[in-house]
Protein chains: 2
Amino acid sequence: MKLWDIYATMKQDVSYIERELERTITTDNELLNEASLHLLKAGGKRIRPVFVLLSGKFGTYDIEQLKRVAVPLELIHMASLVHDDVIDDAETRRGQLTVKAKWDNRVAMYAGDYIHGKALMVATELKQPEIHRILSKAMVEMCIGEMEQIRDFFNTEQSVRQYMLRIRRKTALLIAVSCQLGAIAAGADRRIDHALYRFGYNVGMAFQIRDDVLDLTGTEAQIGKPPGNDIRQGNLTLPVIYALQDPELRRPLLTEIERIRELNGETDVNEALDMIRKSAGIIQAEQLANRYTDKALSVLEQLPNIRARKNLKDIAHFIANRSH
Amino acid sequence: MKLWDIYATMKQDVSYIERELERTITTDNELLNEASLHLLKAGGKRIRPVFVLLSGKFGTYDIEQLKRVAVPLELIHMASLVHDDVIDDAETRRGQLTVKAKWDNRVAMYAGDYIHGKALMVATELKQPEIHRILSKAMVEMCIGEMEQIRDFFNTEQSVRQYMLRIRRKTALLIAVSCQLGAIAAGADRRIDHALYRFGYNVGMAFQIRDDVLDLTGTEAQIGKPPGNDIRQGNLTLPVIYALQDPELRRPLLTEIERIRELNGETDVNEALDMIRKSAGIIQAEQLANRYTDKALSVLEQLPNIRARKNLKDIAHFIANRSH
């Protein structure tokens with residue numbers, strides 16, 4: 001079953017969330033509107049809202065309640081993408097981006113802040129302070145994750161554990177919270193929201209590892225951008241950390257990473273990519289991703305056997321096997 | 001009565017808030033710690049927490065409750081300062097800032113996001129969803145205000161009304177909300193929190209107008225930076241808008257502003273400052289600020305005559321007359 005087939009079964013509600021997303025961030029300020037809607041219109045898998053809706057099926061499904069967590073979760077994700085665009089001078093010079101007008105960095109920054117704020121405004125329409133607490137905590141953890149990523153740029157001594165903690169904060173928690181809050185907003189049993197949290201967490205870990213593998217192994221046609229973006233930036237992901245553990249590969253790979261660092265990423269990274277692709281790092285990373293997927297699937301077994309459970313299972317499989 | 005004399009009467013609680021601010025943003029991530037604490041240690045008037053505490057005196061004063069709005073409000077203000085530091089290339093080139101390390105813009109941005117998130121985390125410990133809603137709305141309005149400021153850079157056709165709407169969002173609302181939430185967190189009567197909101201709003205408007213006047217008339221010794229910062233940036237404040245209404249001054253001032261714009265602010269702005277200082281714009285702006293202060297003071301008359309009311313009055317006077 002493809003992702004869109006699953007979505008098709010809940011088409012009406014997914015479209016409703018889409019309209020609500022647009023309605024929420026629309027404002028009289030044209031500059032803000034342009035910056036915010038630009039990203040929204042670019043689309044995306046809307047995986048977080050879909051997890052909210054499916055999780056809501058385990059309680060009293062009410063789209064009017066669920067939208068108040070589905071919309072914020074997608075907006076928090078979007079705000080993090082907007083802020084990723086606020087880049088430093090070096091990256092501008094690399095020429096990957098169109099020349100920006102004088103205040104563009106500021107616009108991206110305030111647009112991100114605005115979307116963050118709007119996310120919380122929507123959630124606070126729900127009279128459950130617990131939901132507000134969980135959402136704001138997720139925002140904080142994501143920021144710490146982003147900062148850990150910056151801190152660890154080009155750190156060739158980092159451990160697998162460090163990488164795990166980082167992607168947990170950067171990615172997995174928000175997906176975990178999407179599942180959890182869908183259940184809470186639908187008034188589901190505590191045991192159910194805990195289980196859905198763990199499902200989302202494990203899916204999120206698998207998702208990010210898969211994403212990191214694709215950045216190393218994917219073609220430009222598959223991933224929509226040239227591969228090797230992460231290593232160019234200094235973001236050393238799981239396959240790289242594994243590859244560095246290979247005694248024969250370690251020395252040449254270290255040299256190559258150091259060369260990329262010295263050139264600020266403004267260089268061909270194909271040699272590094274070749275080394276990593278030939279190493280066992282890719283397979284090892286994929287195996288770990290599969291273990292997370294397996295864990296996610298086994299958590300599902302604890303949930304009532306309703307159609308949403310089947311859908312969640314299909315999505316977990318899709319994420320594990322996706323090539324884009 | 002000086003500001004510090006007023007603070008002296010509540011020294012213990014102000015110090016407690018100070019410690020809580022530090023405790024709240026301290027984290028294991030060193031980079032984040034450094035960036036966040038740097039700004040905290042730089043100090044500030046802590047006017048927002050002080051308004052929270054004084055407003056709390058009109059209800060059941062409980063510092064443990066009040067800190068959960070006082071800390072977030074100061075943090076939201078701090079986060080906006082951190083994000084103001086995320087500047088575009090032109091400003092970096094102007095050399096007003098020390099050379100930044102490669103990722104400094106990102107660090108400032110994520111540090112601001114982190115502080116925002118922490119602010120909301122602290123507030124959500126209170127079980128009053130209304131408070132969460134008011135805070136997140138204030139964050140959104142502030143962002144819109146910042147974007148309006150960017151939109152209106154060098155816009156010599158803007159009206160006084162446009163300026164008012166902008167500073168209302170950018171500054172006055174957060175001060176209004178500080179007073180309002182102090183009262184709500186202390187369980188004060190609805191009429192009281194409404195009155196305090198209006199007091200804070202009017203004080204906030206007077207505060208920002210005064211700030212904008214000082215940027216044009218203050219000495220470097222008084223304001224801690226060379227005057228004319230706003231006009232260099234293209235931020236045309238109330239005295240400038242008034243000065244542009246002077247038929248004799250309009251033409252030469254427009255020419256001078258256009259020159260500054262063309263040079264991206266990287267020029268001497270003394271001629272523009274001279275023109276504005278000699279115009280009636282400064283006095284007119286001060287008169288408007290005084291009207292806001294008067295309104296704030298008259299709102300206070302509706303409140304119970306307790307010591308906190310006298311303190312709020314003194315702070316309003318201090319803000320109206322400050323020269324730094």
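Predicted model: local features only at pLDDT ≥ 70, side-chain atom pairs only at ≥ 80, totals over all residues.
Good morning. Across the interface of chain B and chain A, the rule finds 0 salt bridges.

What the two chains do share is polar contact: 6 residue pairs are found across the interface, both residues of each at pLDDT 80 or more. On the side of chain B that touches chain A, at least two residues each come from α3, α5, α6, α7 and α8 of chain B. The most is given by α8(B), with 14 residues. In terms of contact, 44 residues of chain B meet 44 residues of chain A. Together the chains bury about 4500 Å², and 68% of that lies on carbon and sulfur atoms.

How are the two copies related? Chain B is superposed on chain A by a rotation of 180 degrees, with 0.0 Å of shift along the axis and an RMSD of 0.0 Å. The copies are thus related as by a two-fold rotation axis. Among the residues of chain B, Pro129(B) comes closest to that axis, its C-alpha lying at 2.8 Å. Moreover, 100% of the interface residues of chain B are also interface residues in chain A, so the copies meet through the same surface.

Let me turn to chain A itself. Helix α7, residues 104-123, has 20 residues and should span 28 Å at 1.5 Å a residue; its end C-alpha atoms are 29 Å apart, which agrees. Of those 20 residues, 19 are buried, so α7(A) is largely enclosed by the rest of the structure.

Finally, consider Asn33(A), which is found in helix α3, residues 30-41. Is Asn33(A) buried or exposed? Its relative accessibility is 15%, so Asn33(A) counts as buried. Beyond its neighbours within four places in sequence, Asn33(A) is in contact with Ile25(A), Thr26(A), Thr27(A) and His38(A).

Terms used
Residues numbered from 1 in each chain as written. Chains lettered and ligands numbered in written order. Heavy atoms only, no water. Least-squares fit on C-alpha atoms with pLDDT ≥ 70 in both. Contact = heavy atoms within 4.5 Å. Helix = DSSP H or I, 4+ residues; strand = E, 2+ residues; numbered from the N terminus. Buried < 20%, exposed > 50% of the residue type's maximum accessible area, 1.4 Å probe, protein only. Expected span 1.5 Å × (residues − 1). Buried area = accessible area lost by both parts, 1.4 Å probe. Salt bridge = Lys/Arg side-chain N within 4 Å of Asp/Glu carboxyl O. Polar contact = N/O pair within 3.5 Å; in protein donor to acceptor, adjacent residues only side chain to side chain.
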